[in-house]
Amino acid sequence: MTDGPATPATDGPVTKLATPIRIEYEYTAGLAQSRFLKGIAEGKFLGQRCPACGKVYVPPRGSCPTDGVATTDEVQLGNTGTVTTYCVVNVPFQGQSIEIPYICAQILLDGANIAFMGLIQEIPTDQIRMGMRVEAVWVDKDQLGLSMASVKYFRPNGEPDAPYESFQEYL
Amino acid sequence: MSPAPTRTVRPVAVVSFAQSKSVRREDHRNEVEMLMPVVTEVFSSIGVTKNDMGFVCSGSTDYLVGAPFSFVSALDAVGVWPPMRESHVEMDGAWALYEAWTLLQEGEIDTALVYCFGRSSPSDLQRILALQLDPYYMAPMWPDPVALAALQAQALIDAGKATERDFAAVAARSRRDALGNPNAQVAKDQGPDELLGDDYVVAPLRRHALPPVTDGAAAIVLAAGARAEALRERPAWITGIDHRIETHALGARDLTTSSSTRAAAEGAGLFGTSGGASVAVDVAELHTPFASQEIIVRDALRLADSVAVNPSGGALAANALMVAGLVRIGEAAARIMDGSASRAVAHATSGPCLQQNLVCALAAEPPAAGGGA
């Protein structure tokens with residue numbers, strides 16, 4: 001990795017020095033997240049419950065960030081949830097894979113006590129709202145894998161909006 | 001010889017220590033899952049919880065796992081509700097302990113949790129450690145820490161201060177002692193003659209003179225004054241602690257001595273008022289990843305021949321980055337807490353060829369109130 005682009009010598013001051021650096025890592029998901037990812041590969045959301053406060057975390061990281069104790073009880077969550085808050089992305093950026101504008105939302109899965117981020121599609125962007133009920137749309141069964149890419153997006157499931165009080169704690 | 005600095009020291013002690021098993025590769029658990037049992041143990045062994053802690057300070061580096069702010073998510077192992085007073089150093093946990101000790105000196109808090117974690121396995125450790133060098137003229141050549149330590153070892157030999165057999169003797173003793181340490185990673189009973197049959201990795205360093213690559217975690221609880229005495233029958237009092245750093249430029253240093261270790265030891269009051277006399281503590285835990293470095297640090301600390309050096313096996317038996325330094329303090333403190341030692345010294349290092357060094361003096365007797373360091 002010593003072969004940076006050669007800079008021709010000039011009489012002026014040296015204003016730039018290229019020192020290419022690249023490091024590769026192997027990521028360890030951990031016990032709890034491995035369980036979660038294996039659930040995703042089967043098309044289901046698996047959370048874990050804190051034995052102290054009873055809250056259910058998804059994706060689980062193996063501990064309750066509030067109590068600092070191990071989460072041991074596994075909880076299978078539903079395929080449906082509630083949009084707690086959202087934004088509409090109108091700005092292009094490098095590496096963007098979805099056509100703008102699109103909706104990025106915090107989704108509280110039924111039975112979970114923490115929201116996570118997902119895309120909302122199959123709805124005009126000006127119709128998204130807090131409290132909207134949504135469901136996960138998965139890739140085809142033979143495409144499922146150990147990645148969040150297994151969840152294509154969420155879409156409205158037609159149920160009446162959830163009352164604000166039901167999700168205000170998660171904003 | 002500069003005199004030991006005079007300052008008022010609030011008595012602060014190590015009252016609890018816990019560590020994970022040291023392993024070559026922790027490939028099932030994430031950082032939080034590695035830390036949680038350690039934090040649980042360091043609390044439960046003295047009957048406290050996180051809510052009893054006045055401060056939390058951690059040591060780790062994101063470079064090891066390649067994840068930004070990994071120290072923030074590691075806090076999930078402690079649980080941060082209600083919000084707590086917390087800090088982090090991108091260094092070995094020994095320096096996190098120094099920050100906690102400093103805050104305890106101010107007198108506002110009586111307890112602190114110090115923890116650290118290090119996964120050396122997710123990437124190529126030799127390349128990662130090259131990145132701590134000067135980024136313009138050294139790092140682009142990727143000199144790895146083994147090569148740099150070999151330069152240092154060769155300088156020791158050239159100066160007539162050590163031989164390859166001395167390195168082998170250090171390694172043989174360390175790994176034999178590690179047989180008694182259930183958390184050690186490399187433990188075996190081999191004599192120096194047998195070890196001298198190893199191949200060179202980078203001459204003059206043979207395989208046995210190198211530390212293992214280790215994943216691990218450790219934690220310590222510090223407490224001040226009466227609180228320490230309430231939590232532990234025989235606390236390990238910190239009678240002095242200091243750390244010093246040398247220049248980044250390896251060529252500007254005398255690699256055969258460690259002036260920063262010597263200065264930190266003076267600052268920690270290790271030499272007392274006697275100046276040049278040898279130090280006759282019961283135990284010394286030295287963070288010297290390469291066998292050749294133990295010889296340098298031992299000399300810098302003026303340790304008497306009678307001192308038991310690295311009875312845990314030291315960094316040659318387990319060397320989790322960001323952890324092995326705090327483990328030295330923990331192991332030294334454990335010898336005092338279990339009654340097998342009355343005075344101990346712990347040392348931690350950072351950077352290439354012992355660039356930065358921390359010295360922590362420990363004793364069964366608290367430092368005299370209002371006395372010198």
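# Two chains, question by question

User: How many residues of chain A are in contact with chain B, and how many of chain B with chain A?
Analyst: Bear in mind that this is a predicted model. The contact involves 24 residues of chain A and 27 residues of chain B.

User: Which class of residue leads on the side of chain A that touches chain B?
Analyst: Sort that side by class and you get four charged residues and nine polar ones. The remaining class there has eleven residues, and that class is nonpolar.

User: Is chain A spread out or compact, judged by its radius of gyration?
Analyst: Chain A holds one helix and eight strands. For its 171 residues the globule rule gives 16 Å, but the radius of gyration is 22 Å, well over that. Its C-alpha trace spans about 70 × 40 × 35 Å along the principal axes. Because the radius exceeds the rule's value, chain A is more spread out than a compact globule.

User: What share of chain A counts as buried?
Analyst: To count as buried, a residue needs 20 or more other C-beta atoms within 10 Å of its own. Go through the 171 residues of chain A with that cut-off, and the share that passes is 25%.

User: What is the strand order of the open three-stranded sheet in chain A?
Analyst: Start with the pairings: strand 1 (residues 45–49) of chain A pairs with strand 3 (residues 73–77) of chain A over five bridges, in the antiparallel sense. Strand 1 of chain A also pairs antiparallel with strand 2 (residues 56–57) of chain A, this time over two bridges. Strand 2 and strand 3 of chain A each pair on one side only, which makes them the edge strands. The order is 2-1-3.

User: Why is strand 1 of chain A largely enclosed by the rest of the structure?
Analyst: Helix 1 (residues 31–40) of chain A lies across strand 1 and strand 3 of chain A, running at about 150 degrees to strand 1 of chain A. The reason for calling strand 1 of chain A largely enclosed is its count of buried residues: four of the five.

User: Which residue takes a positive phi in the hairpin of strand 1 and strand 2 of chain A?
Analyst: This hairpin has six residues between the strands. The phi in question is near 80 degrees, and the residue is Gly54(A).

User: How does the radius of gyration of chain B sit against the globule rule?
Analyst: Chain B has twelve helices and twelve strands. With 373 residues, the rule gives 21 Å, and the chain comes close to that, so it is as compact as a globular protein of that length. Buried residues make up 57% of the chain. The radius of gyration itself is 19 Å.

User: Is Ala218(B) buried or exposed?
Analyst: Ala218(B) sits in strand 7 (residues 215–224) of chain B. Beyond its neighbours within four places in sequence, its contacts include Ala18(B), Tyr115(B), Cys116(B) and Leu326(B). Because it has 33 C-beta neighbours inside 10 Å, Ala218(B) counts as buried.

User: Which helices and strands do the buried residues of helix 6 of chain B pack against?
Analyst: Helix 6 (residues 145–158) of chain B reaches 20 Å from its first C-alpha to its last. Its buried residues include Leu148(B), Ala149(B), Gln152(B) and Leu156(B). The elements of chain B they pack against are helix 5, helix 7, strand 5, strand 6 and helix 11.

User: Which residue just after helix 6 of chain B takes a positive phi?
Analyst: The phi there is about 75 degrees, and the residue is Gly160(B).

Conventions:
Residues numbered from 1 in each chain as written. Chains lettered and ligands numbered in written order. Predicted model: local features only at pLDDT ≥ 70, side-chain atom pairs only at ≥ 80, totals over all residues. Contact = placed C-beta atoms within 7 Å. Nonpolar A, V, L, I, M, F, W, Y, C, P; charged D, E, K, R; others polar. Buried ≥ 20, exposed ≤ 12 C-beta atoms within 10 Å, placed from the backbone. Pairing = 2+ DSSP bridges. Rg over C-alpha atoms; globule rule 2.2 N^0.38 Å. Expected span 1.5 Å × (residues − 1). Axes fitted to C-alpha atoms, helices over the stretch in contact; angles between N-to-C directions.
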